[in-house]
Amino acid sequence: WKDPRLDPKPGSSRGFIDRPFRDAIEDYRDKITPEKKGAAQEVAMLNMLAREDFASKTLRELTVDDFVTYRDARKEAKKSASTIRNNMNTISAVYEWLIHEKAVQTSNPIASIRKRRRGIPQPGAGRDRRLREGEEERIWAALTGDSWQNRQWQALFPVLLDTGMRAGEVRSILAGWVRREPGFIVIPEEEVKGTEHRYVALSDRAYNLLLQQAEGEADDATVFKMTKDSADHEWQKIREAAGCPDLRIHDL
């Protein structure tokens, strides 16, 4: 005879071992993911993972082979190495949470896969394209030419060159961040991973152009009024006019 009081309750940490892995994914999504900066993207990924075949198995049933099969299916679906790596790392994060925070007696199968040769897809070689002699001058000439209607890139271009910030980061700059201290973009601590403001130094040209863009805007308004698609579309025209058609925004 077994005392039923010794059986794990449905919502207990011990109960995770005999519940579908989907339950752990969704619990992680609801309790841990909201604390992260990229929460929306991770929620979408976790929802996708919860629909996979392996998610219907219990932790006790899951093996390394289940995740090798998943990895190989993603490869066959022509997913990029970085996408597959992010998927596998997210699964690993759920396992680590179960092991270290929920005290579930299990092992992390992704850790085992990482030990295998070519177990987790690695990123390819990074681009080394940079501005070549004369290209900055030609781009600036295109941006300031009489035929150019959209002047936002006049400010975006030097900020990208000065700071190394990603284009998405620059497009998210608020007017108040520019006005806070001359010569700097001052990003509040709640927007960065830390406890202090982040100061991004600028050239006089970039700072003055940012100030012009921010003129008349509320402190909580974005300086740049463009989406990723519109910025990319405009950049294609700029680089063609400047004679550097292979130069990407990220190369700046």
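A residue is called buried when its relative accessible area is under 20%, exposed when it is over 50%, and partly exposed in between, with a 1.4 Å probe and protein chains only. By that definition Asp18, at 44% relative accessibility, counts as partly exposed. The model described here is predicted, so that local features need pLDDT of at least 70 and side-chain atom pairs count only at pLDDT 80 or more, while totals for chains, interfaces and linings use all residues. Residues are numbered from 1 along each chain as its sequence is written, and side-chain values use heavy atoms, with hydrogens and water left out.

**Salt bridges**

The structure holds 15 salt bridges, where a salt bridge is a side-chain nitrogen of Lys or Arg within 4 Å of a carboxyl oxygen of Asp or Glu. Three of them are set out in the table.

| Acidic residue | Basic residue | N to O distance |
| Asp18 | Arg60 | 2.7 Å |
| Asp27 | Lys31 | 3.3 Å |
| Asp72 | Arg71 | 3.0 Å |

The side chains of Asp18 and Arg60 meet in a salt bridge. Asp18 lies in the segment before α1 and Arg60 in the loop between α2 and α3, so this pair ties together parts that are 42 residues apart in sequence. Helices (H or I, at least four residues) and strands (E, at least two) are DSSP runs, numbered from the N terminus. Arg60 is exposed, with a relative accessible area of 55%.

Asp27 and Lys31 are 4 residues apart in helix α1, and therefore about one helical turn separates them. Asp27 counts as buried at 17% relative accessibility, whereas Lys31 is partly exposed with a relative accessible area of 45%.

In the salt bridge between Asp72 and Arg71, Asp72 is partly exposed at 29% relative accessibility, while Arg71 counts as buried at 10%. Elsewhere, salt bridges that share partners join Arg129, Glu135 and Asp246 into one network.

Thr33 is found in the loop between α1 (21-31) and α2 (39-50), and at 0% relative accessibility Thr33 counts as buried. Leaving aside neighbours within four places in sequence, Thr33 is in contact (heavy atoms within 4.5 Å) with Tyr28, Ala39, Glu42, Val43 and Leu46.

Tyr207, which belongs to helix α10 (residues 204-214), is likewise buried, with 10% relative accessibility. When residues up to four places away in sequence are not counted, Tyr207 touches Val178, Glu181, Pro182, Gly183, Phe184 and Leu202. The C-alpha atoms of Tyr207 and Arg179 are separated by 9.8 Å, although these residues are 28 residues apart along the chain.

**Loop residues with a positive phi**

Lys78 is not a glycine, yet has a positive phi of about 65°. Lys78 lies in the loop between α3 (64-76) and α4 (81-100) and is exposed, with a relative accessible area of 75%. Ala103, also not a glycine, has a positive phi of about 55°; the place of Ala103 is in the loop between α4 and α5 (109-115), where Ala103 counts as exposed at 51% relative accessibility.

**A patch of negative charge**

Which residues gather in a patch of negative charge on the surface? They are Glu189, Glu190, Glu191 and Glu196. Patches are made of residues with over 30% relative accessible area and no salt bridge, with like charges joined within 9 Å and nonpolar side chains (Val, Leu, Ile, Met, Phe, Trp, Tyr) within 5 Å. Glu190 is found in the loop between β1 (184-187) and β2 (198-201), and Glu190 is exposed, with a relative accessible area of 60%.

Methods. Accessible areas come from the Shrake-Rupley method with a 1.4 Å probe; for residues, only the protein chains shown count as cover. Lys and Arg count as positive and Asp and Glu as negative; His and the chain ends are not counted. The place of a charge is taken as NZ of Lys, CZ of Arg, CG of Asp or CD of Glu.
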